[in-house]
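Work through the exercises below with the sequence and the 3D structure open. Try each task before reading its solution.

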Amino acid sequence: MNSHASFNRDAARPKAKFRPPAVHQVRVGGFFGPRIDTVANTTAHTLLDRCIAAGMLDQVDPDRPNPGLKIPFQTGNDTVTTQMFWDSDFGKSIETAAYALFAKPDPTLEARVDEVIEAYGRLQDENGYLNSWYQRIEPGKRWTNLRDCHELYDAGHMMEGAVAYYHATGKRRFLDIMARYADHIAEVFGPNEGQKRGYCGHPEIELALVRLARATGEQRYLDLARFFVNERGQDPHYFDIEAARRGRDPKDYHFANHEYTQSHEPVREQRHVVGHAVRAAYLYSGMADISTEFGDETLKPALEALWGHLTDKNLYVTGGFGPSAHNEGLTFDYDLPNETAYAETCAAVALVFWANRMLGLGPDRRYADVMERALYNGALVGLSLDGTRFFYDNPLESRGGHHRWTWHRCPCCPPNIARLVASVGTYAYGESEDGIAVHLFCQSEADLEVSGTKVRVSQETLYPFDGRVAVRVEPETEREWTLSLRLPGWARSVTASLNGTPVDVSANERNGYLTLRRIWQPGDRVELDIDMPVEMLRADPRIGANQGRVALQRGPLVYCLEETDNGAGLNSLVLTSQSRFAYEEADGLGGAPRLVAEGFKERLSGQGLYAAEKPAREAATIRAVPYYAWDNRAEGEMLVWVRREEAQ
Ligand code: FUB
Ligand code: ZN
């Protein structure tokens, strides 16, 4: 089964640059191996269990009694309930199950997914329309509120699920269902007379249509994705017209203006990341896909500026973003509070997607570094080590009251992080006509294609706990092409060799990648040694709360302190310039070691909140664990930004 069908109008289409391989092309072990196994053995089933227990299958299956409204409309927004995007939760859960089936055949899981797919098949209208909310709970209202009601977003997630399930099983049923629906959407939406010039308030369908186009080879899905991207934010504003049609005042909008949905300006004019975080990163992912697929350079200035705005002024050290619970998104530059950080798991997942798609324009460390940061920290933290519990918001400091949920009234994050973990191999590599890129290091084996020949690329490594990586290349035919290996921006130094002969890294560096062009032969082996000391990162002075503090990072992993290792009162612990870190075995962290260093603990001598005297201090051993692994042992405080005394 081809992961990327060729397009019908190939000649008219500029050549795409780097595309990620499909999930089944990459087998992942090492650090991610057990996490993928946990998703396959546990989470994939748990997601279906909980979706079904919530009533989702009752809503989808026309042969079951209609469950009616199970989740009340939101206060202050009488048109929205999270129940209207249940299809998206099923879509992501099916996608997770599909990746689980790559990892391990599981007839029970497959039968459960088939049952859901068959229910969707029975639900689908003659004309292809498919949305369980609008067919069963609010019939008659379809396509009346694109701004708030997630109709196209639902379709997008189901398309992604359908593509993944087709690749996993070879079964076309869901893919055909969703292709029919996409065809219907393409009739309803478009620039022609009688069509709607609308787009979704929650971007997602754009990137999904690109995946559908890649799987089916149908150019028209790319065209539709491009239409949605191009229409966004145009005047007259579709959401205003639509609100008036509903008899509502367009200004009477919960989120005040169109920044919330990133439709305040046409996308090519956008320069600042604003509004709802997940929406933003999904939109930018779609834009990057369109830029890659159509060779559309006009999207690049916006994408570059948006990327810079996010990463230079609005990104948590964990790769999370969107500090505010109010809009689940952005506020103002350098507003990166720790204890109240929203930093939704889905936003970090979406940032992985966006960064990955920016790599479609060619290997560039700026994107891969952020992809890795978001993946290992802000996203991975969303899934408990046993695969059964999920974080929605991700503070960088907790007084002990923040814990993973078994489920959520808005369960967007659980299947999002699960599908990311189970498909992580696809983010590790990129393939183009003339090159292969290794974006992420992980024990893995990838079957790729370059320069008209099949190539197996494998990595041997203990990364992220060790910086040595051996990359072995096995081309079917000896051809000339370029292998690009990321040189992480956080690395103090990297040395490399090719078949045992040292390589001059700086002479061969391009955009932060070691770039080796040659006629590759079976058994060629590149070895990297990436220096990864424990770093104490300081924050820009404009992030006031972090001044006098450091975040601990080793390799791609950000660490945090937990009460269970350090006792209560984490803000009384202080690192010094003399603190030296060692590794230590630890239980309950899924095999990850802890960092340990000497510092001191402070105590105010007085009775009250404030005192003029210097605090008393005593020596203390300070232990830190990977941020992704926190809240898997005894409950308690957590802290990322640790106080540090500078040498006088
Ligand atoms: O609205 C759908 C999803 O639910 C969003 O992406 C999340 O932020 C949550 O609101
Ligand atoms: Zn979410």
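Predicted model: local features only at pLDDT ≥ 70, side-chain atom pairs only at ≥ 80, totals over all residues.

Residues are numbered from 1 along each chain as its sequence is written, chains are lettered from A and ligands numbered from 1 in the order in which they are written, and side-chain values use heavy atoms, with hydrogens and water left out.

**Exercise 1. Identify the protein donors of the zinc ion (ligand 2) and classify their arrangement.**

Step 1. Donors are N, O and S atoms within 2.8 Å of the metal (3.2 Å for Na, K and Ca); water is not among the atoms, so sites may look incomplete. Glu344 (OE), Cys346 (SG), Cys412 (SG) and Cys413 (SG) lie 2.0 to 2.3 Å from the zinc ion (ligand 2).

Step 2. Four donors count as tetrahedral if all angles lie between 85 and 135 degrees. The 4 donor atoms subtend angles of 97 to 119 degrees, so the arrangement is tetrahedral. Ideal angles for four tetrahedral donors are 109.5 degrees.

Step 3. Along the chain the donors have the spacing E-x1-C-x65-C-C. Glu344 is in the loop between α13 (300–313) and α14 (345–358) and Cys413 is in helix α16 (residues 413–422), so the pair ties together parts 69 residues apart in sequence. Helices (H or I, at least four residues) and strands (E, at least two) are DSSP runs, numbered from the N terminus.

Step 4. Glu344 and Cys413 are both buried, where buried means under 20% relative accessible area, exposed over 50% and partly exposed in between (1.4 Å probe, protein chains only).

**Exercise 2. Describe the contact between domain 2 and domain 3.**

Step 1. Domain bounds come from an automatic or database domain assignment; domain 2 spans 259–382 and domain 3 spans 429–530. Their centres, taken over C-alpha atoms, are 27 Å apart.

Step 2. Domain 2 gives 10 residues to the contact and domain 3 gives 16 residues, with contact meaning heavy atoms within 4.5 Å.

Step 3. The area buried between the two domains is about 1,100 Å², and carbon and sulfur atoms give 57% of this. Buried area is the accessible area (1.4 Å probe) that two parts lose on being put together, summed over both.

Step 4. Pro363, Arg365 and Glu372 lose the most area on the domain 2 side, together 50% of what that side buries.

**Exercise 3. Is Asn314 buried or exposed, and what does Asn314 contact?**

Step 1. Asn314 lies in the loop between α13 and α14. Its relative accessible area is 4%, so Asn314 is buried.

Step 2. Leaving aside neighbours within four places in sequence, the residues in contact with Asn314 include Phe321, Leu330, Phe332 and Tyr334.

Step 3. A polar atom of the Asn314 side chain lies 3.2 Å from the backbone oxygen of His309.

**Exercise 4. Examine the backbone at Pro236, Pro464, Ala343 and Asn511.**

Step 1. Most residues other than glycine have a negative phi, and most peptide bonds are trans.

Step 2. The Asp235 to Pro236 bond is cis, with omega near -10 degrees. Tyr463 and Pro464 are also joined by a cis bond, with omega about 10 degrees.

Step 3. Ala343 has a positive phi of about 40 degrees and, at 2% relative accessibility, counts as buried. Asn511 has a phi near 50 degrees and is partly exposed, at 47%.

Notes: Tetrahedral: all angles 85-135°; square planar, octahedral: opposite > 155°, others 65-115°. Polar contact = N/O pair within 3.5 Å; in protein donor to acceptor, adjacent residues only side chain to side chain.
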